Amino acid sequence: MNKLRFPRGVHVFYVRTWDLGFHLYTEETKNTERRTTQTIMESQLGLIDQSFNARYTSCVRDALDGLPDNFTITDPSISGNPIVFASKGFLKMTGYLKDEVIGRNGRIFQGPKTNRRSIMEIREAIREERTIQISLLNYRKDGTPFWMLFHMSPIFSKEDGRVIHFISVQVPILRKSRSEDGNRWQEIVCGSCRREVSSDSVIQLARCRALDSLMDSDNRVMEVEETCEANDLEKWKAVTAINNILSMLTHYSELTGRLVCGKRINSSVISSLTSSLNISLGRIKQSFVLIDPHLHDMPIVYASDAFLTLTGYNRHEVLGHNCRFLNGPDTDPKALCQIKDSIRSDQACSVRILNYRKNRSSFWNLLHLSPVRNASGKIAFYVSVQIEEGVKNGGSQGLSPEMKQLGTVGAIKVAVRSLSIGAGSSRS
């Protein structure tokens, strides 16, 4: 049998069909993941725009940019409590660009020496929806640490007492030490040193290496002082900044008729959801709403991002309203009666019902309604999970609609019960 000969210098590559198929599958999977990530990011940015547009007039961003303070504004109703506004002073102080901050959680400014206990105190303040003022070591984009006074306050809706935003003001801490040498190194850590950088790159590199060596050696720089306390002037600056920002937000909310305030005024309408529960629910990606049966007309008190995407409504158009706005001329009355009967009997039910989006286009909704009980066994909410019939979800890993619904209900029950247990233990 004659062997196939190739000229010298010609290289022959053998590619197995399985390898090629695997390669194509991997590339297709990566492309799908990229498209999914991009879709999520675009949806998140849309929610961030709504966070301001639904509450204030369009001029509020320019007005906030005119303030000299360093601050961010976050929205706990969006998954992850992301930053929805960052002032020019804050961006300059941290070295980040606006697009690198908006939509991200504040943890991006933390680093290896950030005190974990301080972070837990901030999370606890978010859960309890209260003001906190604490010294915190954060990191700039280039990795340099700096001490700041972190002052965070909630902003409430005047209509229903719900937390709309959290304002976080950051005041750099200027520190004076006992000796000149100590002052020199401590100011490096506290972020108050404004030394001019030498134009000689060799000298600059040597200084950086010397600083790195000193920080790596027994952590002596950080051990100069584990905390950097703010003085009275810096605390006054933080409080003044909060008041100025709140005054501006109040003014621009009055122009839309959807007022905000610094203290909860009407907590009896929709006070059942804390920011902590909002954040926990925000991690659940399925379309669902949470209904409070103890309030008049059983209004929606929480709507997931996926629900807003499915129906086309904005969050402020959903919260505080009964689910009947999804019904239309061809919605089957028998399906509605089945839902009402399940609520009367405190039982779960699944029903196929024709619903309508905001643009009045219809879709078949595979709806599952279930009571959600707190730690004491009493019904705290009803959860309504929606799945559009015939639409495939790439991230569901082939689960049936029933399994998706039960998984969503289970995750919500865990979040509600764990929160009620924590609230009970904190009061005892």
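## Terms and overall picture

A residue is called buried when its relative accessible area is under 20%, exposed when that value is over 50%, and partly exposed in between. By this scale Cys-337 is partly exposed, because its relative accessible area is 45%, whereas Cys-228 counts as buried, because its relative accessibility is 1%. A search of the whole structure, which is a predicted model, finds zero disulfides.

The protein chain has 428 residues, of which 43% count as buried, and it contains 13 helices and eleven strands. Its accessible surface comes to about 24400 Å², and carbon and sulfur atoms account for 53% of that area. When contacts between residues at least 6 apart in sequence are considered, 56% of them join residues at least 24 apart.

## The five-stranded sheet

Five strands form an open sheet with antiparallel pairing, and their order is S8-S7-S11-S10-S9. Its edge strands are S8, covering residues 300-303, and S9, covering residues 349-356, each of which pairs on one side only. From one strand to the next, the twist averages 30°.

Strand S9 runs antiparallel to strand S10 (residues 362-373), and eight bridges join the two. Within this pairing, Ile-353 has Asn-365 of S10 as its bridge partner. Helix H12, made of residues 333-344, packs on the sheet, where it touches S9, S10 and S11, and its direction makes about 135° with that of S9.

Gln-286 lies in the loop between H10 and strand S7 (288-291). Gln-286 is buried, because its relative accessible area of 17% falls under the 20% limit. Leaving aside neighbours within four places in sequence, the residues in contact with Gln-286 are Ser-304, Ala-306, Val-385, Gln-386, Ile-387, Lys-404 and Thr-408.

## Nonpolar cores

In soluble globular proteins, nonpolar side chains tend to be buried together. Here the largest nonpolar core has 58 residues, and those with the most contacts inside it are Leu-64, Ile-73, Val-169 and Leu-249. Not counting residues up to four places away in sequence, Leu-249 touches Tyr-56, Val-60, Leu-64, Ile-73, Ile-155, Ile-167 and Val-260.

## Two loop residues with positive phi

Met-298 is found in the loop between S7 and S8, and it has a positive phi of about 50° although it is not a glycine. Met-298 is partly exposed, because its relative accessible area is 21%.

Arg-360 has its place in the loop between S9 and S10. The phi of Arg-360 is likewise positive, near 70°, in a residue other than glycine. With a relative accessibility of 40%, Arg-360 counts as partly exposed.

Note on methods
Residues are numbered from 1 along each chain as its sequence is written. This is a predicted model: local features need pLDDT of at least 70, side-chain atom pairs count only at pLDDT 80 or more; totals for chains, interfaces and linings use all residues. Side-chain values use heavy atoms; hydrogens and water are left out. Helices (H or I, at least four residues) and strands (E, at least two) are DSSP runs, numbered from the N terminus. Buried means under 20% relative accessible area, exposed over 50%, partly exposed in between (1.4 Å probe, protein chains only). Contact means heavy atoms within 4.5 Å. Accessible areas come from the Shrake-Rupley method with a 1.4 Å probe; for residues, only the protein chains shown count as cover. Two strands pair if DSSP finds at least two bridges between them. Axes are lines fitted to C-alpha atoms, for helices over the stretch in contact, and angles run from 0 to 180 degrees between N-to-C directions. A disulfide is a pair of cysteine sulfur atoms within 2.5 Å. A nonpolar core is a set of buried Ala, Val, Leu, Ile, Met, Phe, Trp, Tyr and Cys residues joined through side-chain atoms within 4.5 Å.
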